Amino acid sequence: MLFGFSGGPSARAETSGDGYIDYDAGTRTWTLGTAAVEKKIQLNSSGQFQMTSFRNKLTNREYVQGAQYADEFQVKAGTVTYSGSSAGWVYDSHAVTGLAQGELELAVTFRNSALKVTRHYIVFPYTGAIQEWSVFQNVSGGGLSFSSPSIFNHRLMQNDLDNVDFQYMTGGGNFSGSGILKTVPLTADYARTFDSYDSPEVIAVDGQNHNGIGTYEQGTSVYDAFFVLRNRALSEGIWLSFDYNGHWRANVGNFGTRINLSGYVSMTDYQVEHNGTITGPRSIMGVYQGDLDDMGNTILDYTYRYLWDYTRGGGGGTWQWRVSPQAPFAFESVNYNRYTGGDIIHIDDNWYDRKGDWNEAVASDNFADLNAYVKKNGMTLKVWSPFWQADYGSEVVTNHPDWLVGGAQSQFYGLNLNMANEAAYAWMLNKANAKQAEWGTYQWRYDGMPASKSDGSDNDMLAQSNNFFRLLKAFKDANPEALIDGCSSGGETLFMGSVRFSDTHQLTDGLAGHYAGYYQSLKLPLDKVGHSFYSEPNTHSNFNSLEPPSPEVKENTRKFVDLNRYLGAQGLAGRWIKVYRPTMDHGDQTYMIQKMNADQTKGIIMFSAYTPFFNTNVTVYPKGLLDDTSYTVRCPKGSCAPQTESGAYWKANGISLTSLKAGELVLFNVTGYPGSGTDHIAPAAPPSAVKKTAVYMDRFGVELTWNEGTDNNWVSYYEIERNGVAIDKVSKGTFYFLPDGDIGDSYRIRTVDGDGNVSSYVGASLVPGGPAAPPAVEIPNYYQASHDFGSVQGEKGWSYLQQYAPSASWTNMKWDGANGLWQGNETYARISGNWMHPGNDYHAVRKWAAPKDGKILVKGSVSLAQANQGGDGVVVRIRKGGEYPYLSSDIWGPFTIPGTDTAGLSHHLTLDVKQGDVLYFTVEKNGNNYFDSTLWDPQIFFYL
């Protein structure tokens, strides 16, 4: 609902919970807040718009202490810098709006001869947080340039200077030293400008000392968008965060006043037409009382209340980052997850024909069929697809080159579409929605660079950033069942406003080490982000290879997942958990973290996989326990003896861990976990089960379905028996598919609980009418490029690619039906049945994928078709790639065939291959690509 106030006596908007907004018309003062925080802003008689009060009501202390009030905003328009302290602002209007989750939004509009400014504020009931942002409108009558619009402007705690610590966090870019909260005691001389394009603060962490960011610097790459002012003497203060994915700067310390906290967008002379607007990034500031963990849990409470509305799921599982075909690996990944209890089937980079088109690279990779099978098993498909990235040759780049950022160069992620362009933005949203419709609901994993320079300028980044957050929201609104996995070279988009729309979010590409999540969980929900606090050894989640893990590793993975599913059911994962950072008697406490459930009656201490004090004796001191509540402490791997004491006792005396084991957990009041040995009651069998023939992903077999069994404590899995022999386990769902199964066999299912107690079996009764078994398909043992040549990518194992030399990325060529060949992006980049021709910037690449394991012979000859005609020859090579596409290695060559060579070369290679291994037959230009037609008709034989 909308409430408007303009003049008249003092008035109070209708409250929402403990939130309120007051307006005093006599002094033009707005008072907004909750039971925890209160802010006052005033448009005074001189026409200045300033913050006159910011009060921490938890401690009843005023933080606006100096002689100068805060500006509230600042922007340069033309040659004049305007701020809240500039005199002459004229009141226009204000309004209060009630929002969907009970928030109250205040919008105050005022103007001068050049600008109309609308300041927005959102009050969040039952929290100590207030969000704000500015909209600047050009009302000068003509065009006007804008520079450096502010993100936040605060002057706070001036009189507390001698007791104030300033804290900032390093960013989520891929460098060792990322994700660390740093503390600086403020002095009268401290003045530092943070620039998001600064060099990262690299330090040695867990054996790494490296900067892996490269050129992919975005909003939270070098620094996190998170600042804290803490009165260390009084244990209270403020925290601040903001949502801006472009280039930003922040001034902290003595910039005119003793404690200044101001941030602004890097923008120079951005042209805005008359009546045009720019909308600044959103920032949020909150108050807290207590220590670091109290602050973090205050922020988490705000997040759970107001930033959880778009969260729909999550979980872990298996992943693959490899060359196509993807389907055989994903099929086995689903079956493995079904055994272990995993939730996610993650297909990362290199599954597509080209970025921008986003189609499966080979015909056999039907993601709609894959997703149907994934859903049948109760899992979620996750697919990497940053829709703001594109490749040369894609339809979007070919048809709309003006949608690219100015001066675009193809890099690791390809080309950057300019999200500031409204047509490009609409295309991205439509593409994201279309893939959901094409494949069925899945988890969209984004990555790459949603914000980037255009023609060397930062000016488009504000619109790009705003549209980035807008896109995430619009996608979730259009696809209410879909999930998002956030990523940008690891953690370059770690904003509260983006993680709101993510169901999971990546923190790092690896170099953060054990710090991943330790401090970042002060600001972001720990169980949404890929933290480092799992240390269970001998688990497996990588399906870049079809080499199966050992039965021991597979079972250990199932037990690990089962335990974590149980802990989630106890309220120790997801929404409402509280996070603490326990201490220890010696060593580095940043290798462990503690979670408590909402009422703090149950908890868990977890250790990082990087922990250096495994196999030693340590004492850990928990936090967050209630003094008068009894807690039974247990360690599943035996590092501590079971014992029950009060919360006060454990906090004071600690928990002694003897020869701390990798994978150990310290549990508080979690006694019935799987493997605890406390459950002696057998579970109930599934009430019924059926069997029928079925086809999934072109595989014929037998499917079993059943109704859920039950247990007094916890069902861990179902055991599948065929003809009296146990053949598998199902820890996820009530469905099982056995490829090539015989419907005439006897199948039975029983329930198994967390302590291994079993139910009776239930037999699966036949449901007739399923599909009949198709004829057997024999995998050929002989392949030849010319003989197998065709118009379908992946047919008979062959694909036809082009490799962009400057960035070494592969994309599919396109079929030219008129000429019966595969055509690349350049005229002469081509592949036919027995010849190849490179382009100037593109290598011609014929790829073959092994359909099965075996030993092969790869033979053939390579020669120039146009020798002695003025060309300088070609470079040829054969590469073998397996699990990871970027780790392919030369197995033959590279060899240069000069332009005058009429003899050519031959190869005769014997190799061992696994199903899915690939060979790349590559022809590159030498100095130029004149007369570079190259005859090459490789043959591949499987040894029998």
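Guide: Searching the whole structure turns up three cavities of 30 Å³ or more. This is a predicted model, where local features need pLDDT of at least 70, side-chain atom pairs count only at pLDDT 80 or more, and totals for chains, interfaces and linings use all residues. Residues are numbered from 1 along each chain as its sequence is written, and side-chain values use heavy atoms, with hydrogens and water left out.

Visitor: What counts as a cavity, and what is a pocket?

Guide: Both are sets of points on a 1 Å grid over the protein atoms alone. In a cavity, a 1.4 Å probe fits but cannot get out. A pocket is an open set with protein on both sides within 12 Å along at least five of seven lines. Lining residues have an atom within 4 Å of a point.

Visitor: How much space lies in the largest cavity?

Guide: About 170 Å³. A volume is the space filled by probe spheres set on the grid points, which are joined across faces, edges and corners.

Visitor: Which residues are closest to its centre?

Guide: The largest cavity is lined by 15 residues, and N350, Y352, L801, W810 and K847 are the closest to its centre. Strands β52 (798-804) and β53 (809-812) each supply at least two lining residues. The largest share is three residues, from β53. Strands (E, at least two residues) and helices (H or I, at least four) are DSSP runs, numbered from the N terminus.

Visitor: How does that lining divide by class?

Guide: Seven residues are nonpolar, six polar and two charged. Nonpolar here covers Ala, Val, Leu, Ile, Met, Phe, Trp, Tyr, Cys and Pro; charged covers Asp, Glu, Lys and Arg; the others, Gly among them, are polar.

Visitor: And the second largest cavity, what volume does it have?

Guide: About 60 Å³. Its lining includes D391, Y392, Q802, Q803 and Y842. The elements giving two or more residues to that lining are β52 and β53. Of these, β52 gives the most, with three residues. By class, the lining has three nonpolar residues, six polar and one charged.

Visitor: How are α2 and α3 packed?

Guide: Their axes are 10 Å apart, at an angle of about 5°. That makes α2 roughly parallel to α3. Angles under 35 degrees count as roughly parallel, over 145 as roughly antiparallel, 65 to 115 as roughly perpendicular, and the rest as oblique. The axes are lines fitted to C-alpha atoms, for helices over the stretch in contact, and angles run from 0 to 180 degrees between N-to-C directions.

Visitor: Which residues meet there?

Guide: From α2, A330, F331, V334, N335 and R338 meet L370, Y373 and V374 of α3. Contact means heavy atoms within 4.5 Å. Six of the contact residues are nonpolar, one polar and one charged.

Visitor: What about α2 and α8, at what angle do they cross?

Guide: Roughly 60°, and the axes of α2 and α8 (residues 551-569) come within 8 Å. That makes α2 oblique to α8. On the α2 side, the contact is made by Y336, Y339 and T340. On the α8 side are K554, E555, T557, R558 and V561.

Visitor: One more pair. How do α5 and α6 pack?

Guide: Helix α5 (residues 422-439) and helix α6 (residues 461-478) pack at about 30°, with their axes 10 Å apart. The two are therefore roughly parallel to each other.
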